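Here is a friendly walk through one protein model, meant to be read with the structure open beside you. Where would you look if you wanted to know how its pieces fit together?

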Amino acid sequence: MKLKKHFEEKGYAIGEKIFSNDDLKIFNAEFDAILNQLIHSGENINAKWESSLTNHIEPKNSKVIHTHNVQSYSSIFLTMMQNATLLDLIEEIIGPNIIMHHSKLFYKPPHQGSAFPLHQDWSYFPTKNNSMIAAVIHLSESTPETGCIRIVPGSHKIGKLEESDGYTYIPKIHDEHELEEAEPIIAEPGDVLFFHCFSLHGSMPNVSKNPRKTILIQLYAGTDKVLDDNPHSNIQLVLRGFNYHATRNSVNNIKTLS
Ligand SMILES: O=C(O)CCC(=O)C(=O)O
């Protein structure tokens, strides 16, 4: 099935081997350098969600090491985001004007990697036309054992569910879908997973001896607009085309997360 058709029907799609083994060697070295810098920063770098929806399935000492905005650490990742093949696939899904809202690094350590409860992303950064998608660049193998992302296929068609942030028990999500039963997205290094901001997704703990390494970029159409007063940082990095809702104020007030 073509990428766009699959995305429209299932709420997600996979681009296989977008990045070569040579690219991955460079990305992994850079990822490890960021990880090392984070570890030595003295900041709290464990972004475990601590949700009551998943506390019972993850070890008490579980971790997910995380930072926003990898392009603020290394030009290698800025170049990665500008990869033409990657942008062509994003363009198929959201059109020719591609704005990066933010990026995230996730490191789920061996045996200890945390779970993510089923949730919808729109509740964190809603836009007027709901064009927001995630692109997850896999730097390591992602399997059920390493705690790969899981998606409920077709769940984007449910639309916006209030309080779908992964902290609140919502019958329409949690009575009807189990994280354990959601489709595991098995991916090889270099594969990119795209999913819609309404798609129910989460992930199980990493119970394997290997780390799970991903970089997620959150993207929306340049014809769309993040709702006013949304507190999440939005760096509005134009990866292709034009940002039609940029204003003097909005680009001058690019916030970092507190
Ligand atoms: O990386 C994962 O396992 C899940 C991340 C996620 O759900 C998110 O950032 O919204």
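Glu 163 sits in the loop between β6 (149-151) and α5 (171-175). In this predicted model, the phi of Glu 163 is near 55°, a positive value in a residue other than glycine. Asn 69, in the loop between β2 and α3 (75-81), also has a phi near 55°, and it too is not a glycine. Is Glu 163 buried, partly exposed or exposed? Glu 163 is partly exposed, because 13 other C-beta atoms lie within 10 Å, and a residue counts as partly exposed between the limits of 12 or fewer for exposed and 20 or more for buried.

| Residue | Other C-beta atoms within 10 Å | State |
|---|---|---|
| Glu 163 | 13 | partly exposed |
| Asn 69 | 18 | partly exposed |
| Thr 54 | 22 | buried |
| Arg 212 | 27 | buried |

Thr 54 is worth a visit of its own. Thr 54 lies in the loop between α2 (21-39) and β2 (65-68), and it is buried. Leaving out residues up to four places away in sequence, Thr 54 touches Trp 49, Ala 115 and Pro 117. Thr 54 and Met 204 are separated by 150 residues in sequence, yet their C-alpha atoms are 8.6 Å apart in space.

Arg 212 belongs to strand β10 and is a buried residue as well. Which residues is Arg 212 in contact with, leaving aside its neighbours within four places in sequence? They are Lys 108, Gly 113, Ser 140, Ser 142, Thr 146, Gly 147 and Asn 206.

Strand β10 leads on to the ligand. Around the ligand are Phe 106, Phe 116, Asp 121, Ile 149, His 201, Ser 203, Thr 214 and Leu 216. Two elements, β9 (201-203) and β10 (212-221), each give two or more residues to this shell. By class, the shell has four nonpolar, three polar and one charged residues.

Now for helix α4 (residues 84-94), whose buried residues are Leu 86, Leu 89, Ile 90, Ile 93 and Ile 94. These residues are on the same side of α4 because they cover an arc of only 115° around the axis. An α-helix has 3.6 residues a turn, so residues three or four places apart point the same way. On the other side of α4, Ala 84 and Thr 85 are exposed. The cover over the buried residues of α4 includes α1 (3-10), β1 (12-15), β3 (98-108), β5 (133-138), β8 (192-196) and β10. Just after the helix, Gly 95 takes a positive phi of about 95°.

In soluble globular proteins, nonpolar side chains tend to be buried together.

Finally, the whole protein. Its secondary structure comes to six helices and 11 strands, and buried residues make up 43% of the 258 residues.

Technical notes
Residues are numbered from 1 along each chain as its sequence is written. This is a predicted model: local features need pLDDT of at least 70, side-chain atom pairs count only at pLDDT 80 or more; totals for chains, interfaces and linings use all residues. Helices (H or I, at least four residues) and strands (E, at least two) are DSSP runs, numbered from the N terminus. A residue is near a molecule or strand if its C-beta atom, placed from the backbone, lies within 6 Å of it. Ala, Val, Leu, Ile, Met, Phe, Trp, Tyr, Cys and Pro count as nonpolar, Asp, Glu, Lys and Arg as charged, and the others, Gly among them, as polar. The arc is that of the directions from the helix axis to the C-beta atoms. Two residues are in contact if their C-beta atoms, placed from the backbone, lie within 7 Å.
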